[in-house]
Amino acid sequence: MTKKNKKIVIVGGGHNALTCAAYLAKTGFSVELYEARSQIGGMASTREFAEGYTVPGAAHLLHMLDANIQKYLNLKGHGLEFAANRLKTISLNPNGDALVIDGDRIAGGGITTREQQEYKAFKKKVNKLARFFRSAYRHSPPRIGSDKKKDILGLMELGWNLRSMGKEDMSDMLKFIAINVYDLLDEYFDDDFIKGTVAIDAVLGNHLGPRTNNSVITYLHQLTGEIDGVQGAYAIPNGGMSSYTDALKNSAEKLGAKIMVDSSVREICLDESGKVCGITLENGDEINADVVVSGIDPKSTFMCLVGPRHLEAGFIHKIQNIRMRGNASKVHLALSALPTFNGVDANDLGQRIVLSPTMHYLEQAFDFTKYQACSDQLAMEIIIPSIHDASLAPDGHHVLSAIVNYTPYALKEGWDKAKPAVLENIINTLSQYAPGIKEQILHAELLTPKDIESEYGITGGHWHHGELTFDQFLMLRPISGMGQYSTPIESLYICGAGAHPGGGLMGTVGRNAAVELMIKES
Amino acid sequence: MLLQQDHYKKSYYETPFHSRTSELNILNEWQRWKDYTVATNYFRTDLEYFAVRNTTGVIDYTPMVKQKITGPDSAEFVNRFFTRDMNKIAIGRVGYVVWCDEGGQVLDDGTVFHIRENEYWLLCVERQLDNLAISAIGFDVEIEEITDDVACLGVQGPTSCSILKAMGFEGIEQLKPFDIKHYDFQGHEIMISRTGFSGDLGYEVWMVNEIALNFWDELFEKGEIYGIKPFGLDALDLVRIEAGLLVPGQDFMVAEDAIRPGSTRSPFELGLSWLVDLSKPVFNGRQALLEEKKRGPRYTFVKLNINGNKPAHGSYLYNQSGKKIGTVTSAMFSPSAKANIAFASLHEPWKKGKDKIIAEIYYQKDLEWNRVMEEATIVTKPFYDPERKRITPAELY
């Protein structure tokens, strides 16, 4: 059988699934992609939450885009443009001037020249370490204990990349993997405000506090990203987050992939020998396929679509134990005018604004999460996308999009009951920094991890399809023994963020999975 | 349910038959079996052994771990848990089974009783609740350990059927090997299966604790003229080796207890290929076993007939060039087969059909250690395999 008449069905239409579809179509496979929602893009899409007010549905910034994918799939040619690039980070200060971070330059917030230099040195160090991670991201992670040449070479390359960082960076790398971001930042800085500002990048979207070990890995993971060759840059696509996934879709369709929306998949079907043979849609339609690729999270894939009884118990037990405790919510506000934030220059409102004054602030909020409660002082990453794209709100009006951390999926009180109070708390917290914002609010929406689970079909509402901890990282992602996109079921692959290298709008998982599949199925 | 609420004072359980077994255990030799105390020997190992072989021996099996699996998905559940095709074990039948971990290594062996629709009992040596519970994710089944709630006796030997018939269990002789039948005994339901660990005609009787002593008394009263005797674990070990049956923890390492890689065994490495149905689309360990099939096993299980009369306990085995090729896991001099028999696990460089097997046997004479090197041959059939084990209706004496 040649590639051309091998039919591949992809489940889910998130950015990784779309990337995978485009790569496979480009190689000559016949590809069909089925998305449950009426809009493709999954968590990278737009959402009209009130009439005339549109926001990014979940993710609201691009910062990890894989440059190779961008080029290979000609995303620019398919409509991906940036409305704003190299956004500065503005850290809200409860006591006055906001801190402004622009690349490795830091200003405002009453910091000293010495601290500015320290920040530069710190960024240089962590960026270098993050590039080591990135070197491991662009291909399948090697299997440990395998005697295949590819795996041995992969491990050797990983070791070589680590060694070639030099003695000092290599030992820093080994140390950083083990410690937490709290201790790390304490070592580099004295100023609490700087530390709080940096630390939010380690914890946003993750179930951990700054003092949780492993929080340096999540920080470095976040720093692996780049936009147009600038490491750690943030960008807002023109036309909202959908334009990124629309560009992927256009690219995939141009290459011959068929993309179906409103097609929820009920089951991944197996034949009598246990090999994958197609999918069944929610409407009962049966679609045959030689290969199925799942772009949804591993728990949903195996526990719901394949079903535990078709897999060995040891495997199912591991899948069930993947930790994916969603922690991040999304807040959307429709505002009658541009808000003002204390200590923030009006020209900087279109930048990335973070609310994370100290590491203690974060740790204390996480303490509530540990006991399935929600603090009334939460950390946030805020953007006002309507500044860059006037079409998102009526004339003169604006939309605010915030990712709010430390709102646990498994809230003891239950989200149905707690939701209005949590939203009110979030607005109260915001108005501490943006007085007057309350009066500007026309509509407000809170998407809790529960809502994200039901809206986007992700177990636990976990943005990264599984926590990015060291035991669920590299060759251990999603579980040990399944690190190379294939599964115990013949011709079933996974290409979602639950696989290596994980969450973030990279598309790298989709690409890696496609490459792996080409090798195995050709 | 705890059998004895005061067990912690003694740190062991007594089986429901204890008041009778302790009277008969004139040697007062006991051993611990899953926290129960059971007789090692009652009066003399060899005489207990000969009771099983020539008349009837009775063993208190109560400590055997018993797990009940019920619920609408139980048939599918057992078929995924065990390596063999469980659809072939009809209602009212018993099957010998092994089950594996993810690596295709044997966790334990045992018997499964298909008692009625959607009800199975698993009887084995090691507690399996955790393995069963993990395996139950996604299945509508209920799993319960009933070890303490069910008393059990093994009634084994040529006259066993006659005794049970004399007790009034009509049609008992019609039970085929591995059949189950339920009877009423003093107003309680008891279950009799034509199963056992002796390799001879024999039955196992399963009952609630309340009637255990009455059943024992009646069994021994009716059995007296048929030569009924109790037998302990030492005699059991002799009959099970002759029957060719394995014991976990002795003939193979229980996979989840093993510390060293390579010390566990797959079903293929225990001579149990016939219990593995790789054509089933899924069962625990299948993927690893498929790979082993391609790669070939690391070990070969064999039954040996060794020259001489010195039992080869724990012997090293060598080939003709003096290379170590394996070890003996169980050994005895078999009075029934009149042979020096053993189970062994062989490994490289042993070549089937080419290499000799030579056992290095140590034995004592007046505390003085001696060593002999004896050649062994492989036996494929059980060492002791009387026709009456299979005949239905069972022979009455």
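**View 1. A:His465 sits in the loop between helix H15 (449–456) and strand S22 of chain A.** Helices (H or I, at least four residues) and strands (E, at least two) are DSSP runs, numbered from the N terminus. This is a predicted model, where local features need pLDDT of at least 70, side-chain atom pairs count only at pLDDT 80 or more, and totals for chains, interfaces and linings use all residues. Residues are numbered from 1 along each chain as its sequence is written, while chains are lettered from A and ligands numbered from 1 in the order in which they are written. A:His465 isn't a glycine, yet has a positive phi of about 60°. A:His465 counts as buried because it has 32 C-beta neighbours inside 10 Å. (Buried takes 20 or more other C-beta atoms within 10 Å of a residue's own, exposed 12 or fewer, and partly exposed is in between; C-beta atoms are placed from the backbone.)

**View 2. B:Asp366 is in the loop between strands S19 (357–365) and S20 of chain B.** Here's another non-glycine with a positive phi, about 45°. With 4 C-beta neighbours inside 10 Å, B:Asp366 counts as exposed.

**View 3. Strand S16 of chain A (residues 291–294) is buried at every residue.** A:Val291 and A:Val293 point one way, A:Val292 and A:Ser294 the other. Four bridges link S16(A) in parallel to S1 (residues 7–11), and three link S16(A) in parallel to S22 (residues 492–494). (Strands pair if DSSP finds at least two bridges between them.) A:Val292 partners A:Val9 and stands opposite A:Leu492.

**View 4. The peptide bond from A:His500 to A:Pro501 is cis.** Its omega is near 0°, and A:Pro501 lies in the loop between S22 and helix H16 (508–521) of chain A.
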